[in-house]
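Please look through the structure below and follow its strands, helices and charged pairs in turn. The paragraphs after it go from one region to the next.

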Amino acid sequence: KAKRIIHIFLNGGPSHVDTFDPKPSLQKYAGKVLPMKNLRTERKTGAAFPCPYTFRKYGQSGTEVSEIFPYTAECIDDIAVIRSMYADVPNHEPSLMLMNCGEARLIRPSVGSWVTYGLGSENQNLPGFIVMCPGGYPIQESQNWQSGFLPGIYQGTHIDTRHTTIDKLIKHVRNRNLSLAEQRRQLDFIQLLNRRHAARRQKDAQLEARIQSFELAYRMQMDATDAFDVNREPKHIREMYGKGTQARQLLIARRLVERGVRFVQVWHGSGQPWDNHDDIEVNHRRLAKQCDQGIGALLKDLKQRGMLDETLVLWGGEFGRTPTVELPTPGANAGKINGRDHNHHGFTMWMAGGGAKGGSVYGETDEFGFRAETNRMHVHDLHATMLAMLGFDHEKFTFRHAGRDFRLTDVHGKVIHDLIA
């Protein structure tokens, strides 16, 4: 059913046991060493650290959600919660690459690039793949939305959404010296020279991508100005999403997919704002407040417009966090003992719309939330399932490069049909 994707990326690794995976046993063992033989993390951690928030059941499904996501919880019957995700290592850089590109070490096309390569764009006046990341680039920078060995036209277009005016959001979106008609004549002449040049260099993907980028830049001058101007939305819609950068870019995401953009990635911060090695009670509450109302509004807005069935919304970070407290580490948590370390062994993501089985919970972590145990789901499985929801067989959806057929899921991945309605 899915025709487009909005990926809400909580950069840094949100804690699953404080958001969508309640673990009451942590209260029982509070301040004590957990009775687990395989409790291994990148740093030595301490005793069990109970969730500082309360969970309660929502919707007809009765899925439990933390108090810090009340607006999202109102939509829980449209959400499929995956509580058994796992990745490969507890480090940001390789985990970001794995989640965004399906490969932790080598340069590979991002998920958005694969999707636009496979489905194309419904709007030739806007990029098919747009990335909104306020405050600059995250770790690994543009590698997170790279096209890799795919043609450059499929690379994500980065927008710094800390800005509100169109001229700052998209640099050089307007030519202040030439009219559109004069630009068209100039561009036609440049493209004539480029085509002659390209004719002598058959199948040069980089040259073809540059030629197409000139055309796209010209056409974007009108459509981009409209798409990114949230003031064109009715007041009640703007108020529904709330205030702040995250609310604004979630509203922009809806406006973009409404205009045919195929893949929109919405980052929460350019650093690692969810990487709370200390003060997790204060920081996770603050961060959730920045995005929760906008996420709930996005799901409701898509649904009331009849778009949710064809729009897959994905939520999550690159990994989760430990159920134990992180001990003081130089340069990591300022000597405080009130945060959690990285945890790739088990974490939570969720998806809504696009044919996802709303009101469901898939998989489980262990009693304490350290390791995925029941129906374990690797990142490759997530990608395989997403592609299946878009209509692709992940084993046959390939691109020939360097003598072999590559795919997003490499040589791994299985479709989790229990997540598909």
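Strand β7 (residues 157-159) runs parallel to strand β6, and three bridges join the two. Strands, like helices, are DSSP runs numbered from the N terminus, with at least two residues (E) for a strand and at least four (H or I) for a helix. Two strands count as paired if DSSP finds at least two bridges between them. This is a predicted model, in which local features need pLDDT of at least 70 and side-chain atom pairs count only at pLDDT 80 or more, while totals for chains, interfaces and linings use all residues. Residues are numbered from 1 along each chain as its sequence is written, and side-chain values use heavy atoms, with hydrogens and water left out.

How are the two faces of β6 (residues 129-132) placed, buried or exposed? Both faces are covered, with Phe129 and Val131 buried on one side and Ile130 and Met132 buried on the other. Buried means a relative accessible area under 20%, exposed means over 50%, and partly exposed lies in between (1.4 Å probe, protein chains only).

The loop between β6 and β7 holds Gln140. Most residues other than glycine have a negative phi. Gln140, however, has a positive phi, near 70 degrees. Its relative accessible area is 25%, so Gln140 is partly exposed. Another non-glycine residue with a positive phi is Asn375, at about 50 degrees. Asn375 sits in the loop between β15 (372-374) and β16 (377-378), and with a relative accessible area of 42% Asn375 is partly exposed.

Helix α3 spans residues 92-101 and is mostly covered, with nine of its 10 residues buried. Among the buried residues are His92, Pro94, Leu96, Met99 and Cys101. Just after α3 comes Gly102, with a positive phi of about 75 degrees.

A further group of strands forms an open sheet of three, in the order β2-β10-β11, with antiparallel pairing. Its edge strands, each pairing on one side only, are β2 (45-48) and β11 (340-343). From one strand to the next, the twist averages 60 degrees; the axes behind this value are lines fitted to C-alpha atoms, for helices over the stretch in contact, and angles run from 0 to 180 degrees between N-to-C directions. Three bridges hold the antiparallel pair of β10 and β11, and Gly320 has Asn343 in β11 as its bridge partner.

Side chains of opposite charge can pair when their charged atoms come close. A salt bridge is counted when a side-chain nitrogen of Lys or Arg lies within 4 Å of a carboxyl oxygen of Asp or Glu. How many salt bridges does the whole structure hold? A search finds 28. One of them joins the side chains of Arg321 and Asp275, at 2.8 Å from N to O. This pair links distant parts of the chain, 46 residues apart: Arg321 is in strand β10 (residues 320-326), and Asp275 is in the loop between β8 and α10 (280-304). Both Arg321 and Asp275 are buried.

Asp381 and Lys414 also form a salt bridge, at 3.3 Å from N to O. Asp381 lies in helix α11 (residues 379-389) and Lys414 in the segment after β18 (404-406), so this pair ties together parts that are 33 residues apart in sequence. Asp381 is buried, at a relative accessible area of 5%, whereas Lys414 is partly exposed, at 44%. In the salt bridge between Asp410 and Arg404, the closest N and O atoms are 3.5 Å apart. Asp410 is partly exposed, with a relative accessible area of 23%, and Arg404 is partly exposed too, at 34%. Elsewhere, salt bridges link residues into a network that includes Asp226, Arg232, Glu258 and Arg305.

The cysteines remain. How many disulfides does the structure hold? The count is zero, where a disulfide is a pair of cysteine sulfur atoms within 2.5 Å. For Cys51, which is in no disulfide, the nearest cysteine sulfur is that of Cys291, 16 Å away. Cys75 is buried, at 5% relative accessibility.
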